[in-house]
Amino acid sequence: MLCLYTVFGMELRMTTTFPSISISTDRLVLRPFDMADVPAYIEMMNDELVTAWTESPHPYTQVDAERWVRRIAPAERTQGSGIVFAVTEFLTQRLVGSVRLLNTDWRTLATEVRYITAPWARGEGYATESVLALAEWLFRDQHFERIELRTPADNTASQQVAQKLGCISEGVLRNARIARTRTENGTDGGWTDIRTDLIVWGLLPEDLEGVAEQLADAGGYGSYNDWN
């Protein structure tokens, strides 16, 4: 999709959708969701930490998952608001998470990233690896200028991902997100809404300089530049 702007009598063309692509790293493949992902996606989305820190329906049902795969996730790209990837292991093709761009501003070339890791894949560095791959693709291939992360104040795992990527903490949005916590009784399904602050992190192209090498030196992984 193209968007047309007129500046001083000149017509400027601006792309307003991301291409349909897959991105590969040494361990992972970021690709569009398909129907084969539905069982694992349901299990992931019903995990307690995912329920607590996301706005997804709970319990997360077959209907929710099929709607996500068939309609909601593809529409993120075709409508220009972002793009959604299933994160899978390169060798096993097992679903280990998801990463999503949203609230994309095509004029300023800025977007927000959110990520989820499945409970069976935590502790492997997959969130950092997938977001780093996506950031390198955005900055180098799509020429974006800014990525924003917003992490709940008590979600330390999500904050560690931002720190490992070299993101800069830019401030706090007070009382800006509704999270969920377990209740003592089951009359409401065992969960209740609570308000939480959001820490805002910014990532610019220059912030990524040397990050992949630092992670590799620490026993992590190298640079990712295989996208198609």
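Reply: Arginine 182 counts as partly exposed, at 44% relative accessibility. Partly exposed lies between buried (under 20% relative accessible area) and exposed (over 50%), using a 1.4 Å probe and protein chains only. Two notes on the basis. This is a predicted model, in which local features need pLDDT of at least 70, side-chain atom pairs count only at pLDDT 80 or more, and totals for chains, interfaces and linings use all residues. Residues are numbered from 1 along each chain as its sequence is written, and side-chain values use heavy atoms, with hydrogens and water left out.

Helices (H or I, at least four residues) and strands (E, at least two) are DSSP runs, numbered from the N terminus. The salt-bridge criterion is a side-chain nitrogen of Lys or Arg within 4 Å of a carboxyl oxygen of Asp or Glu.

The structure holds 15 such bridges. One of them joins aspartate 34 and arginine 31, with 3.7 Å between the closest N and O atoms. Here arginine 31 is buried at 18%, while aspartate 34 is partly exposed at 33%. Another bridge, at 3.5 Å from N to O, links arginine 70 and glutamate 66. These two are 4 residues apart in helix H3 (residues 62-78), which means a separation of about one helical turn. Arginine 70 is exposed at 54%; glutamate 66 is partly exposed at 24%. Shared partners also join Arg146, Glu148, Arg150 and Glu170 into one salt-bridge network.

Now the rings. Phenylalanine 33 and tryptophan 68 have ring centres 6.3 Å apart and planes at 80°, so they are edge-to-face. Phenylalanine 33 lies in the loop between strand S4 (28-31) and helix H1 (38-45) and tryptophan 68 in helix H3, so the pair ties together parts 35 residues apart in sequence. Both phenylalanine 33 and tryptophan 68 are buried. Tyrosine 41 and tyrosine 60 are edge-to-face too, at 5.6 Å centre to centre and 80° between planes. That pair links helix H1, which holds tyrosine 41, to the loop between H2 and H3, which holds tyrosine 60, 19 residues apart. Tyrosine 41 and tyrosine 60 are both buried. The test: rings of Phe, Tyr and Trp (its six-membered ring) pair if their centres lie within 6.5 Å, with planes under 30 degrees apart stacked, over 60 edge-to-face and the rest tilted.

Phe18, Trp106, Trp137 and Phe144 form one aromatic cluster. Threonine 104, in strand S6 (residues 95-105), touches members including Phe18 and Phe144. Contact means heavy atoms within 4.5 Å. Threonine 104 is buried at 13%. Its side chain reaches the backbone oxygen of serine 81 at 2.8 Å.

Last, the packing. The largest nonpolar core has 39 residues, among which Val99 and Leu134 touch the most other members. Helix H4 (residues 126-140) supplies its largest share, 10 residues. A core here is a set of buried Ala, Val, Leu, Ile, Met, Phe, Trp, Tyr and Cys residues joined through side-chain atoms within 4.5 Å.

Note on methods: A polar contact is a pair of N or O atoms within 3.5 Å; within protein, one must be able to donate a hydrogen and the other to accept it, and residues adjacent in sequence count only if both atoms are side-chain atoms. Lists of a residue's contacts leave out its neighbours within four places in sequence.
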